[in-house]
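Q: I would like to learn how to read packing and backbone features in a model of this kind. Please take me through some cases.

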Amino acid sequence: MSNNLIIVESPTKSKTITKFLGSKYTVRASMGHLRDLKKSTLSVDVEHDFAPEYINIRGKGDLIRELKTAAQKADKVYLATDPDREGEAISWHLAHILGIDEKEPCRIAFHEITAGAVKEALKHPRTIDMDMVDAQQTRRIIDRLVGYKLSPLLWRKVRKGLSAGRVQSVAVKIVADRDKEIETFVPEEYWTLKVKLREKEKAPLFEAEVAKKDGKKLVLRNAEETVAVEEALKQASYTVLNAAKKNVTRRPPAPFTTSTLQQEAAHRLNFTTRRTMLVAQQLYEGVSIGKNYAGLITYMRTDSTRLAAEALSSIRGLVAQFYGPEYCPEKPNYFSNKNNAQDAHEAIRPTSITRTPSEVEPYLTKEQFRLYELIWKRTMACQMAPARFDQTTLQIGAGPYELKASGSVLTFDGFLRLADKKDTKKEGLVPYIEPGHPLVLYKVEHGVQHFTEPPAGYTEASLVKKMEEEGIGRPSTYAPIIQTIQARGYVVKEGKKLTATELGKKVVDLLTTYFGSIINIPYSAKMETELDEIAEHKVDKLTILKHFYMPFEELLEEADKVIPKDPPPLEKSGVTCEKCGREMVIREGRYGKFLACPGFPECRNTKPLLEKIGVPCPKCGGDITIRRTKTGRVFYGCSNYPACDFTSWDKPTTETCSLCGHMLLEHTDRGSKSRLVCSNADCANALPKRTSRKKTTTADLLKVSKVVKGRGGAARKATAKKTSGKKAAAGKTAAKEPRGRKKTTGKTAGQ
């Protein structure tokens, strides 16, 4: 009886594949990489064609011996690592360890772990693709050169223990640049004005918004201008100037790629990118469904929206069966890939579309089920008919003013049959009325105040989207990059928002100043394209390495000369260390500045640097200071803790509420839009349990009683005032953060 050895990467995958194959096959797992570059040295011989020096990874000796023994007993060895560059490189290393000729047809690859896919792959073994291996090695070598050459420079010039990465540094720069945009953004006030009209008395009402005056776009800048237009509209006569009615369609979304799955899972399921990939890996490698064992989705690292012909046929058949033939278009829906997509694998889809979410739910964890349902619905929806709407638009004249009314009615739901209710926005109905027809005014609404908003801070999902759009990284690297920049303390999460730390900004500023030709978006995207070209045998690995290293070496030499050799002198604080009596100094850590004893390592005493915001404590009159939680989130507390226990998530101000006299807090909503709220939970101006969506109107502002005492017309701008306390007071603080939004005082453990 023949004995065939199949080597995969993970034990879960080996367990799944063992279920498919008979006793002629033995399946073992390599547990990822078995060889890598040395950690203690550069391990790249730049003088001899950048030859890498690989060693067996420490701790994997027993596993290597087991695989060697199994390979010696086997008649045939198949290397079945993941079907991407990293997997191809692992197979190449395995071939070297096991003494397999790389020209021997020993490599099999499959994009879904099903019995059919695995058995078909076994029929068509191939040689190891050395172009893909070269592409992986080139990335590894360049990243090693950048990390091991730049990091010592950072140790000498900034702080010991820092590290730099070619792609990670660009990701930090993207976040830091967005933070800067938000900080420097100046909001502008504007107003919108609507009226309610009807075709005739007792006819249904519809809304129209003021758009133009005397044929030019009308921009209302303040309450006074808005009130003047309100009064004019109350006296005006209304007539339909133009009317249009048309049928519009909305196409279904494309099936998931890695980045779109990460974005949608963050939006729908509140998953981090890392969590999404972990759960997707579980679904891909296989789970037990009753007596059967199989992978539920195709390979989850892909940038392609392509679906196999067999899959398309199955999906379309199930659409017609479940929802009727009218939901299945005559021809399959095809979607264009991104310009830089490799298209090496299919889009992410269920391995069997007939395996519905309800069927597999009893066998999955909650997270697995939610992600599988998301993938199943998107896969079905992508092959459904478009949604159709009747859209009506009216242009309405009112003296010198022109108003616009538009609305749409869903006439056929199509793919929206599978959409969540919150995704199907309901618009107000607008009747089609012939041009020239007079209209009846029902009411002129009070104008609503708005402020232009800054760009939203990056979340993990939007950062992945930005990286994909710019061609930075690849599906397999998005989640590790985001995880790395947070682990290094260059970026922190505040809620869902990613923010660059003071340390991250400092490192990025230094790198972009002296290595701007390498640490930038265009260069990173160009490098990804060149790696693709190596994999496609369009360019030689050595050529790319030489083109990178020679300019990089020159930049290193120049930076070492220009950047000051001696670190800046330590800033004295005037605070005495209670443990040894030395004067403490100000140091900079992951979350900003903190106090430290200069007697380190003999004395390891540290304290938070209390950064004052210039606002007295409402309880004791002490100074309010900026604090951070262990995760880096900002809150505010009294400097007199533990004698005073005042804390607040929202930034205290010197303003007082005109209704109750309590302190006003600067609360930041989503999108970084700020407004003043009362610290008194029982006050009408306090922040409700759920963030209020009520807009300020002209009626509110024209009241005699102002929300903000003593600020008159400036009260209108209170809602747009920006949060400033982002400069972190770091260090080891035992202060407990406030427990709720409404609560502004509470017990803390030490400040």
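**Helix packing and backbone features**

A: Start with a helix pair: I64, L67, K68 and A71 in α2 meet L94, I97 and L98 in α3, where meeting, or contact, is having heavy atoms within 4.5 Å. The model is predicted, so local features need pLDDT of at least 70 and side-chain atom pairs count only at pLDDT 80 or more, while totals for chains, interfaces and linings use all residues. Residues are numbered from 1 along each chain as its sequence is written, and side-chain values use heavy atoms, with hydrogens and water left out.

Q: At what angle do α2 and α3 pack, and how far apart are their axes?
A: Two packed helices are described by the angle between their axes and the distance between the axes. Helix α2 (residues 61-73) and helix α3 (residues 85-98) pack at about 70°, with axes 10 Å apart. That makes α2 roughly perpendicular to α3. Axes are lines fitted to C-alpha atoms, for helices over the stretch in contact, and angles run from 0 to 180 degrees between N-to-C directions. Angles under 35 degrees count as roughly parallel, over 145 as roughly antiparallel, 65 to 115 as roughly perpendicular and the rest as oblique. Helices (H or I, at least four residues) and strands (E, at least two) are DSSP runs, numbered from the N terminus.

Q: Which residues meet between α9 and α12?
A: R275, T276, V279, A280, Q282 and L283 in α9 meet E367, Q368, L371 and Y372 in α12. The angle between α9 and helix α12 (residues 366-381) is about 90°, and their axes are 10 Å apart. This makes α9 roughly perpendicular to α12.

Q: Which residues of α13 are buried?
A: Buried means under 20% relative accessible area, exposed over 50%, and partly exposed in between (1.4 Å probe, protein chains only). In helix α13 (residues 460-470), the buried residues are E460, A461, L463, V464, M467 and E468. They lie on the same side of α13 because they cover an arc of only 165° around the axis, the arc being that of the directions from the helix axis to the C-beta atoms. Their packing partners are α6 (166-184), α8 (258-269), α9 (273-285), α14 (478-487), β19 (491-494) and β20 (497-500). After α13 comes G471, with a positive phi near 75°.

Q: What is the nearest side chain of opposite charge to E9?
A: Lys and Arg count as positive and Asp and Glu as negative; His and the chain ends are not counted. A salt bridge needs a side-chain nitrogen of Lys or Arg within 4 Å of a carboxyl oxygen of Asp or Glu. E9 is buried yet has no salt bridge, and the nearest side chain of opposite charge, K13, is 5.3 Å away. E9 sits in the loop between β1 (4-8) and α1 (11-20).

Q: Where is P642 found?
A: P642 is in the loop between β27 (634-638) and β28 (647-648). A cis peptide bond, with omega about 10°, joins Y641 and P642.
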